Amino acid sequence: MIKSRLVKLGWTEGLGSHVKTLRFLSSHVGQLSTEGSEPKPFDAIPGPKGIHLWPIIGSILNFKPFTKYTPETLHQYMDELHEKFGPTVRLRLGTEAVVVSEPKDVETVFQNEGKYPKRHGFEMMSIYAKRNNLQDSISQLQGEAWQSLRSPGNRRLMKVDSALHYLGPQSEVADNFVHILATQDVSPDRLQDLCFRYASESIAVVAFNGRLGLFDANPDQGSVDFLKAAETTFEMNGRALLGKSIGHRWYRNETYKQLEKSYGLVRKVALGHIAQARESLEQRIQAGQLNTEEPNLLFSLLSEKGLSEEMVANLMISLYLAGTESTAKYMQVFFYNLAKNPEKQNKVRKEILDLLGPDGRLTAEKFLKMVYLKAALKESFRLISPTSLATSRILPVDVVLGGYKIPAGTILYLNCPRASKTHFENPYEFLPERWLRREDSTKKDSALHLTVIPFGHGPRNCLGRRFAEQELHLAAIKVLQKLHIDVHRESAFEQFIYRPFATPDKPIRFKFTKID
Ligand code: HEM
């Protein structure tokens with residue numbers, strides 16, 4: 001199933017500093033050592049009170065039929081709470097939690113997250129791991145166990161040139177994707193499926209060091225099932241996360257059974273790839289043919305002392321699962337923003353064509369020069385966040401947020417998507433220019449960069465960030481080199497909901513036309 005491919009390229013840092021058009025409004029108190037004023041008690045934090053804070057019932061009251069919102073429109077509910085109660089809100093979202101929207105407070109949270117940052121995770125995955133006597137996935141692990149998996153991951157995935165090593169094979173995936181768009185009339189549903197295939201193939205060249213064949217004329221059924229199983233696994237986790245499944249905590253309910261089946265298949269296929277890689281590694285070592293310099297994530301992890309095969313599998317499966325759904329969905333958001341802003345789309349295209357021409361090959365050097373493209377993606381993230389809340393943290397220490405005393409152990413949701421509207425001029429306009437370096441941008445507030453954090457922040461940020469960005473950039477480069485992106489009239493005012501990543505309310509009807 002896997003066809004091995006390797007490539008090696010160089011890298012220097014891409015887009016540097018950002019904004020000048022920001023308007024910072026906050027003057028919030030930082031940690032417990034407040035200057036002058038005493039922090040107010042936790043109970044004084046505004047938010048829905050009384051029965052709304054009761055266990056279970058309080059969470060249910062947030063959504064339909066008691067409000068007009070659902071877990072999928074949580075962002076709109078958060079906006080309403082922000083209007084009503086201000087930037088610090090206490091409420092029950094599963095457990096009791098505090099939502100913070102001020103960049104200064106977000107900064108305080110990250111400054112106090114400690115050595116082993118902790119976030120609210122996919123509970124269903126942990127239940128599965130426990131019931132099957134497996135190690136928790138990296139996203140769920142805590143403390144030293146998390147660190148022992150994250151450190152080898154960081155060394156290979158988070159360096160500035162980590163993703164560039166895979167520019168060649170990932171470009172080929174993008175070529176396959178664009179060939180279909182340029183030669184076939186794709187329905188909205190088919191486009192969604194193609195985006196999933198794109199993200200899946202792109203991450204497979206990293207996680208499994210080869211292609212899955214999902215763009216072949218007759219795709220391998222095993223690969224198609226693998227991708228479908230990954231999608232189902234995510235969907236079931238999303239259900240639990242959004243409060244649509246509770247029974248799985250006590251028994252194997254329908255949602256859990258579906259997760260069990262799909263995740264079981266994902267594990268089986270992934271373990272097969274890993275066993276294959278192990279065999280090939282041993283053969284190459286015996287034949288003296290192993291080049292330790294080659295960027296081969298699987299080989300490199302399998303060769304590391306102290307990492308068991310189960311730990312390697314854990315990491316690779318997490319990369320595949322976390323990397324497919326997120327990127328596939330956000331590709332559509334990015335294309336949508338480009339389609340809705342044809343002037344900006346033309347500017348991105350001009351940059352691409354000036355560097356590559358209509359058929360030119362993408363090199364790392366040229367890729368690094370595409371600063372407007374990178375600004376456009378960042379602006380897309382600001383305008384339509386990939387998640388309804390940026391991320392969450394559970395701090396090991398007491399802090400003061402918004403002037404209130406927050407005890408250690410409280411779940412804190414970071415509402416940066418809200419901050420990315422309230423702290424920018426013309427917040428609903430798509431203006432990539434705001435992210436371009438300005439000569440005079442000398443004064444910077446350290447908290448402002450925390451308004452747009454699609455990949456989270458700090459030591460527990462997204463482990464696949466560099467790959468996600470590269471894949472999104474590559475998809476845009478290859479598409480815009482050949483095609484103009486437009487949306488049909490009925491998709492002109494698309495609403496995005498969260499499942500749990502930004503998803504169009506109904507499949508978007510894109511129109512891809514060849515450029516002259
Ligand atoms: C548009 C695409 C993506 C978005 C928006 C996204 C977003 C995020 C966010 C917000 C987090 C939590 C960070 C934090 O709490 O600070 C996260 C964690 C993670 N992401 Fe991504 N991600 C994307 C793509 C990817 C890809 C392509 C991979 C794999 C190659 C990946 C692997 C992971 C992993 C393994 C974690 C858990 C890290 C840990 O707990 O140590 N993600 N991602």
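Student: Why does I352 count as buried?

Tutor: Its relative accessibility is 0%. Buried means under 20% relative accessible area, exposed over 50%, and partly exposed in between, with a 1.4 Å probe and protein chains only. At 0%, I352 is therefore buried. Keep in mind that this is a predicted model, where local features need pLDDT of at least 70, side-chain atom pairs need 80 or more, and totals for chains, interfaces and linings use all residues. Residues are numbered from 1 along each chain as its sequence is written, and side-chain values use heavy atoms, without hydrogens or water.

Student: Where is I352 found, and what makes that element a helix?

Tutor: I352 is in helix 12, residues 342-356. Helices are DSSP runs of H or I with at least four residues, strands are E runs of at least two, and both are numbered from the N terminus.

Student: Which residues is I352 in contact with, leaving aside neighbours within four places in sequence?

Tutor: They are G357, M370, A476, I477, L480 and Q481. Contact means heavy atoms within 4.5 Å. As a C-alpha distance, I352 and Y372 are 9.3 Å apart in space and 20 residues apart in sequence.

Student: What makes H82 buried?

Tutor: The relative accessible area of H82 is 15%, so it falls on the buried side of the cut-off. H82 lies in helix 2, residues 74-85. Beyond its sequence neighbours up to four places away, H82 touches P87, S101 and R418.

Student: How do you know that the chain agrees with a compact globule?

Tutor: A compact globule of 516 residues would come near 24 Å, and the protein chain has 23 Å, so the two agree. The radius is taken over C-alpha atoms, and the globule rule is 2.2 Å times the number of residues to the power 0.38. The C-alpha trace spans about 65 × 55 × 45 Å along its principal axes. The chain has 16 helices and 12 strands, and 56% of its residues count as buried.

Student: Which share of contacts joins residues at least 24 apart?

Tutor: It is 77%, among contacts between residues at least 6 apart in sequence.

Student: Why is C462 called a donor of the iron atom?

Tutor: Its SG atom is at 2.3 Å from the iron of the ligand. Donors are N, O and S atoms within 2.8 Å of the metal, or 3.2 Å for Na, K and Ca. SG at 2.3 Å therefore qualifies. C462 is the only protein donor. Water is not among the atoms, so a site may look incomplete. C462 sits in the loop between helix 15 (416-422) and helix 16 (465-482).

Student: How many residues surround the ligand, and what makes a residue near?

Tutor: There are 26, and the closest are R119, W146, T391, R393 and C462. A residue is near if one of its heavy atoms lies within 4 Å of the molecule. This shell divides into 13 nonpolar, 9 polar and 4 charged residues. Ala, Val, Leu, Ile, Met, Phe, Trp, Tyr, Cys and Pro count as nonpolar, Asp, Glu, Lys and Arg as charged, and the others, Gly among them, as polar.

Student: N133 and N209 both have positive phi. Which is buried and which is exposed?

Tutor: N133 has 73% relative accessibility, so it is exposed. N209 has 5%, so it is buried. Phi is near 55° for N133 and about 60° for N209; neither is a glycine. N133 is in the loop between helix 4 and helix 5. N209 is in the loop between helix 7 (188-207) and strand 4 (210-211).
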